Amino acid sequence: WLSSKRQDDEAEGLWRICDSLYDFTDFINKHPGGSFWLKETRGTDITELFEAHHLSNVPASLIESYKVRDALNERIYTLTMHEDGFYKTLKRRVREKLQTIDTKKKDNSDNIHFGLLLATFLCVIISARCDSLLLLALAGTLVCWTIIAAHNYFHRRDNWRMYTFNLAMLNVCCWRISHAMSHHMYPNSYWDLELSMFEPFLCWIPNEHIKTWTSRCLSFLIEPLVYSMTFLLDISTRIFYSICYTNIMYWHDLISCTIPLSMYLTSDLTLLICLRQWLFIVMIASFAFCVIGLNAAHHDPKIYHEGDATREDRDWGLFQVDTIIDRSDLKSSQFLVLTHFGEHCLHHLFPTLDHAILPDLYPIFYETLDEFKAQLREYNHFQHILGQHCQLLRVKPNLKSPGST
Ligand code: HEM
């Protein structure tokens, strides 16, 4: 995805923000968010990434000294971030509001995440000692919740919690690309890897040329299998790619092995049985992750997908609002928000903020939405599951643009 972006973005081997080119080579290792972000994005357009990941004005004031020249052509992305537009207006208000919010709330998220991690290992060990299938399934569910909670941390500067995302064969660095850089910035568009990584099994793009009648019917039949195999397919693809092309495996991929290891060291089970149990846990975690993640916010016939009519105002923040329907049934519990991709819209707009902070932003969010005549929509989980399946069937693009009367 990144190498195609390097070809498309006309950044000439540098970093592109709007229509200017910058050379951040000397800043990579000084970047407070960690070197990964800049190292990986060399040669691409980072306009949206840069804006969405910094709330303070400091980064914008720093970039001028790294400017090399103007780009030759206009950028290919049609999304905008004008100073008086929706996103920048909301961001200014959020910046002010953050000064009044009690940041101790973040401790709750840290405690929930740590509790889940502890519970996961306890459950894994007890399930191995009791040889219980039910406990193994519970361990799989706990692994799934832990990695969704870990997602709260990988959008930020490097920290130890983000590595717990790797517990079930996924990898935090790869997901920073497919999720933070691709999906978060351009949801439901051809640039969204979280759409294309499920093809040809599941396809949400409303286009009859890429989604035949047979493939639509088939996707319903194979859906449970795809859900359970997603994590295994993810690691197989990465191993295959690393052997045949470039290495995209990391030392922290080994974190996933702590699960079978803890089983082996604390029970009488043979290594082979521990590995078999591990596979079962990973498949349960994968299934639960897809049930939650794919039915969390983005797929419903009323949500914008590539090919649908776009809003006249191409503001990046409004685009996010048009590609999301929030989960209404999670808001009462921080545990549910953290483990079920809750507060989805605000999280997309401000990914570096802890989920515990987001509820305090609703008054200014609603106020700004009203000013720009946009709306935050909400569904419960059942409505999302229904909508996601209707979207799998949809082949006709919506001709009515979001925000039109
Ligand atoms: C690919 C583009 C970039 C991404 C994805 C990115 C991401 C991040 C992240 C995740 C953080 C930590 C935020 C937190 O934990 O609250 C951060 C902080 C920071 N970044 Fe970047 N960054 C990018 C480019 C840049 C550039 C080009 C500069 C300046 C030359 C810069 C300057 C800073 C500064 C000063 C901070 C400290 C926090 C602040 O003042 O906002 N970043 N960045």
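Before anything else, a working definition: two residues are in contact if their C-beta atoms, placed from the backbone, lie within 7 Å. This is a predicted model, in which local features need pLDDT of at least 70 and side-chain atom pairs count only at pLDDT 80 or more, while totals for chains, interfaces and linings use all residues. Residues are numbered from 1 along each chain as its sequence is written.

Start with Leu349, which is in helix H15, residues 344–349. Helices here are DSSP runs of H or I with at least four residues, strands are runs of E with at least two, and both are numbered from the N terminus. Leaving aside neighbours within four places in sequence, Leu349 is in contact with Leu90, Gly317 and Gln320. Is Leu349 buried or exposed? Buried, because 23 other C-beta atoms lie within 10 Å. The cut-offs: buried takes 20 or more other C-beta atoms within 10 Å of the residue's own, exposed 12 or fewer, and partly exposed is in between, with C-beta atoms placed from the backbone. The C-alpha atoms of Leu349 and His53 are separated by 9.1 Å, although the two residues are 296 apart along the chain.

His53 comes up again at the ligand. There, 22 residues form the surroundings, and the closest are Pro32, Gly33, His53, Pro59 and Arg156. A residue counts as near if its C-beta atom, placed from the backbone, lies within 6 Å of the molecule. Elements giving two or more residues to this shell are H2, H3 and helix H4 (58–63). H4 gives the most, with four residues. By class the shell has 13 nonpolar, seven polar and two charged residues. Nonpolar means Ala, Val, Leu, Ile, Met, Phe, Trp, Tyr, Cys and Pro; charged means Asp, Glu, Lys and Arg; the others, Gly among them, are polar.

Next, the domains. The assignment gives domain 1 (1–77) and domain 2 (104–294); such bounds come from an automatic or database domain assignment. Their C-alpha centres lie 29 Å apart. Ten residues of domain 1 are in contact with nine of domain 2. On the domain 1 side, helix H2 (35–41) and helix H3 (47–53) each supply at least two residues. H3 gives the most to that side, with three.

Now the sheet. Three strands form an open sheet in the order S1-S2-S3, with antiparallel pairing; strands pair if DSSP finds at least two bridges between them. Strand S1 (15–17) and strand S3 (67–70) are at the edges with a single partner strand each, so one side of each has no neighbour in the sheet. Strand S2, residues 20–22, is joined to S3 by three bridges. Ser20 has Asp70 in S3 as its bridge partner.

Last, some backbone geometry. Most residues other than glycine have a negative phi, and most peptide bonds are trans. Glu12 has a positive phi, near 50°, and is found in the loop between helix H1 (2–8) and S1. Phe341 also has a positive phi, near 55°. Phe341 is in the loop between helix H14 (334–339) and H15, and is buried, with 23 C-beta neighbours inside 10 Å. Which residues does a cis peptide bond join? Glu199 and Pro200, with omega about 5°. Pro200 is in the loop between helix H9 (193–196) and helix H10 (213–244).
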